[in-house]
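Kindly keep the sequence and the structure in view while reading.

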Amino acid sequence: MVEVKWKTVLIGLVLGVLLSATIEMLITLFAGMIVGLFGGAIGFLIATIYVGYTVGGDYKNGAIHGALVGIFMGIVVGIIGIILGLTLSGASGAAIGLLALVIGIIVYVIIGVIGGIIGVLVKAWG
């Protein structure tokens with residue numbers, strides 16, 4: 001049984017939001033919007049590598065913590081999408097934001113698991 005370190009998950013979430021937004025904006029500024037989206041994913045991957053490194057243990061521990069950060073990140077991004085969609089386009093925009101929530105959770109969980117495992121492996125090798 002894995003003991004969840006909620007403080008590390010919260011730090012990873014804050015770090016993920018900040019790094020994703022910062023790197024995405026910088027890359028978008030220099031390379032365009034489509035390429036900038038990959039920058040956001042890279043920022044989130046870096047945050048989940050940190051989470052995996054911090055929690056240590058085996059790969060399951062890193063994967064679970066990375067997935068938890070991914071779930072919460074997907075919820076944050078989805079809520080922002082719903083609010084922006086509702087504000088800009090009404091009910092149809094909110095529906096698209098809800099779809100973004102579901103897809104965001106799936107994508108961020110996958111990235112979080114990968115990052116968490118990488119973080120644990122980096123700590124084990126170092």
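1. The surface carries a nonpolar patch formed by Tyr53, Val102, Ile106, Ile110, Ile114, Ile118 and Val122, whose accessible area together is about 590 Å². Such a patch joins nonpolar side chains (Val, Leu, Ile, Met, Phe, Trp, Tyr) within 5 Å, from residues with over 30% relative accessible area and no salt bridge, a salt bridge being a side-chain nitrogen of Lys or Arg within 4 Å of a carboxyl oxygen of Asp or Glu. Areas come from the Shrake-Rupley method with a 1.4 Å probe, and for residues only the protein chains shown count as cover.

2. The model is predicted: local features need pLDDT of at least 70, side-chain atom pairs count only at pLDDT 80 or more, and totals for chains, interfaces and linings use all residues. Residues are numbered from 1 along each chain as its sequence is written, and side-chain values use heavy atoms, with hydrogens and water left out.

3. Helix H4 gives the most to the nonpolar patch, with 6 residues. Tyr53, also in the patch, lies in helix H2. Helices are DSSP runs (H or I, at least four residues), numbered from the N terminus.

4. Gly36, placed in helix H2, counts as buried because its relative accessibility is 0%.

5. The largest pocket holds about 430 Å³ of space. It has 15 lining residues, and the closest to its centre are Ser20, Glu24, Gly40, Val77 and Tyr108. Helices H1 (6–31), H2 (33–55), H3 (59–89) and H4 (91–125) each give two or more residues to this lining. On a 1 Å grid over the protein atoms alone, a pocket is an open set of points where a 1.4 Å probe fits, with protein on both sides within 12 Å along at least five of seven lines; lining residues have an atom within 4 Å of a point.

6. The lining of the largest pocket divides into 12 nonpolar, 2 polar and 1 charged residues. Ala, Val, Leu, Ile, Met, Phe, Trp, Tyr, Cys and Pro count as nonpolar, Asp, Glu, Lys and Arg as charged, and the others, Gly among them, as polar.

7. The second largest pocket holds about 150 Å³. Its lining includes Val77, Ile80 and Gly81, and H3 gives the most, with 5 residues. By class, this lining has 5 nonpolar, 4 polar and no charged residues.

Conventions: Points joined across faces, edges and corners; volume = space filled by probe spheres on them. Patch = residues over 30% accessible without salt bridge, like charges linked within 9 Å, V, L, I, M, F, W, Y side chains within 5 Å. Buried < 20%, exposed > 50% of the residue type's maximum accessible area, 1.4 Å probe, protein only.
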